[in-house]
Amino acid sequence: MKLIRNFGLALLTACSLSYCTSADKTAEEKDSISQDSTLESTQEMVEDSAKALGDDPKLVYELVESMYGGIAVMKDGEMKASSPAVKALAKKLTSEHTKLTEELQMLATKKGWTLPVGESTDDKEKRNDLNKKTGSDYDKEWLSALEDRHKTNIGKLEDAKPADADLKMAGEKGLPKIKALLADIESVKSSLK
């Protein structure tokens with residue numbers, strides 16, 4: 001009888017501890033989900049505001065948001081890449097994209113256009129998935145992700161027909177830089193094969 005009572009007490013204690021740990025995780029997870037949800041809601045409102053201002057502000061918004069996500073990936077690459085060539089490229093890309101982003105931010109501020117508050121939720125999720133990779137797998141996936149991002153932004157810039165003269169000039173100045181950076185990415189990517 002004592003054995004059954006002790007077993008029951010041990011079981012009750014284990015269940016209680018399990019519940020407390022589960023409740024703590026759930027609270028932490030809820031807090032994280034709540035923060036992500038709030039950020040996503042804010043980002044959506046800001047994006048809607050940019051779209052309402054027209055094609056030029058919408059383009060700047062989308063490019064800056066993409067740059068935020070790209071810079072986050074690039075900084076991760078500086079720390080996590082295993083290849084010295086990828087680390088060096090990550091450092092160069094971070095520097096160049098930070099400059100390009102600052103130029104777009106200054107233009108948007110001058111024009112009174114809405115800017116994103118950070119990287120998109122989708123970009124954050126993709127970056128988190130990428131960071132689960134290690135070694136040469138990480139390097140290859142990192143290069144592919146940045147290659148795709150650069151091609152997408154080049155397409156946006158080539159398709160854009162800005163009405164704003166300052167934006168048109170910024171695009172004409174930035175497009176060759178982005179193409180050159182894409183060529184750097186493709187060169188490093190082909191050297192790793």
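Sorted by class, the residues that line the largest cavity of this predicted model are 4 nonpolar, 5 polar and 1 charged, where Ala, Val, Leu, Ile, Met, Phe, Trp, Tyr, Cys and Pro count as nonpolar, Asp, Glu, Lys and Arg as charged, and the others, Gly among them, as polar. Because the model is predicted, local features need pLDDT of at least 70 and side-chain atom pairs count only at pLDDT 80 or more, while totals for chains, interfaces and linings use all residues. Residues are numbered from 1 along each chain as its sequence is written, and side-chain values use heavy atoms, with hydrogens and water left out.

Rolling a probe the size of a water molecule over the atoms shows where empty space is left. On a 1 Å grid over the protein atoms alone, a cavity is a set of points where a 1.4 Å probe fits but cannot get out, whereas a pocket is an open set with protein on both sides within 12 Å along at least five of seven lines, and lining residues have an atom within 4 Å of a point. Grid points are joined across faces, edges and corners, and a volume is the space filled by probe spheres set on the points.

By this rule there is 1 cavity of 30 Å³ or more, and the largest cavity holds about 80 Å³ of space. Its lining consists of Leu63, Ser66, Met67, Gly70, Met74, His97, Arg149, His150, Asn153 and Ile178. Helix H2 (55-80) and helix H5 (135-159) are the elements that give two or more residues to this lining, and H2 gives the most, with 5 residues; helices (H or I, at least four residues) are DSSP runs, numbered from the N terminus.

How do the axes of H2 and H5 lie, and at what angle do they cross? They come within 11 Å and cross at roughly 160 degrees, where axes are lines fitted to C-alpha atoms, for helices over the stretch in contact, and angles run from 0 to 180 degrees between N-to-C directions. H2 and H5 are therefore roughly antiparallel to each other, a label given to angles over 145 degrees. The crossing of H2 and H5 is left-handed, that is, the near helix is turned anticlockwise from the far one by less than a right angle. Among the H2 residues that meet H5 are Leu63, Ser66, Gly70 and Met74, and among their partners in H5 are Arg149, His150 and Asn153, contact meaning heavy atoms within 4.5 Å.

The second largest pocket has a volume of about 290 Å³ and is lined by 16 residues, of which Glu103, Leu104, Met169, Ala170 and Gly171 lie nearest its centre. H2, helix H3 (84-111) and helix H6 (165-191) each supply at least two residues of its lining, and H6 gives the most, with 8 residues. By class, this lining has 11 nonpolar, 2 polar and 3 charged residues.

H3 and H6 pack at an angle of about 170 degrees with their axes 11 Å apart, which makes H3 roughly antiparallel to H6. Their contact includes Glu103 and His97 of H3 and Ala170 and Ile178 of H6, and by class it has 12 nonpolar, 2 polar and 9 charged residues.

The axes of H5 and H6 come within 10 Å and cross at roughly 155 degrees, which makes H5 roughly antiparallel to H6. H5 passes H6 in a left-handed crossing, and the contact includes His150 of H5 and Gly171 and Ile178 of H6.

Methods: Angles under 35 degrees count as roughly parallel, over 145 as roughly antiparallel, 65 to 115 as roughly perpendicular and the rest as oblique.
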